[in-house]
Amino acid sequence: MEGKFKVGDLVVEKIRPGQKLIVSRYATNVYYCKMMEDLSRKELVFHERELLACEASGSKLPVMTVSSGESRVQENM
């Protein structure tokens, strides 16, 4: 089953909309997200109902890539 958000999507938590998150993976009806300002922190886990899409006002969004168990951000080309 597909989720509403895809890996690399920029989202915010409904109760803390000032905190931008990047979806790093989706599994078993939950989203694993990284905090944009500190990608070294552990992933946070959310249900779809707890998240909202974040509008980027026309700028390129970073894409989360997972390689060898590590997460990193790359700019879209």
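Author: Val12 has Leu52 of β5 as its bridge partner. This pair belongs to a predicted model. Strand β1, residues 10–13, and β5 are joined by three bridges and run antiparallel. They are part of an open sheet of five strands in the order β4-β3-β2-β1-β5, with antiparallel pairing. Its edge strands are β4 (44–46) and β5 (51–53), each of which pairs on one side only. Direction ignored, neighbouring strands of the sheet are turned by 50° against each other on average.

The largest nonpolar core has nine residues: Phe5, Val11, Leu21, Val23, Tyr31, Cys33, Met35, Phe46 and Leu51. In soluble globular proteins, nonpolar side chains tend to be buried together.

One of the core residues, Cys33, deserves a separate look. Cys33 counts as buried because its relative accessibility is 0%, below the cut-off of 20%. Leaving aside residues up to four places away in sequence, Cys33 touches Val11, Leu21, Ile22, Val23, Ser24, Glu43, Leu44, Phe46 and Leu51. Cys54 has a relative accessibility of 15% and therefore also counts as buried, since the limit is under 20%. As for cysteine pairing, a search of the whole structure finds zero disulfides.

Terms used:
Residues are numbered from 1 along each chain as its sequence is written. This is a predicted model: local features need pLDDT of at least 70, side-chain atom pairs count only at pLDDT 80 or more; totals for chains, interfaces and linings use all residues. Side-chain values use heavy atoms; hydrogens and water are left out. A nonpolar core is a set of buried Ala, Val, Leu, Ile, Met, Phe, Trp, Tyr and Cys residues joined through side-chain atoms within 4.5 Å. Buried means under 20% relative accessible area, exposed over 50%, partly exposed in between (1.4 Å probe, protein chains only). Contact means heavy atoms within 4.5 Å. A disulfide is a pair of cysteine sulfur atoms within 2.5 Å. Two strands pair if DSSP finds at least two bridges between them. Helices (H or I, at least four residues) and strands (E, at least two) are DSSP runs, numbered from the N terminus. Axes are lines fitted to C-alpha atoms, for helices over the stretch in contact, and angles run from 0 to 180 degrees between N-to-C directions.
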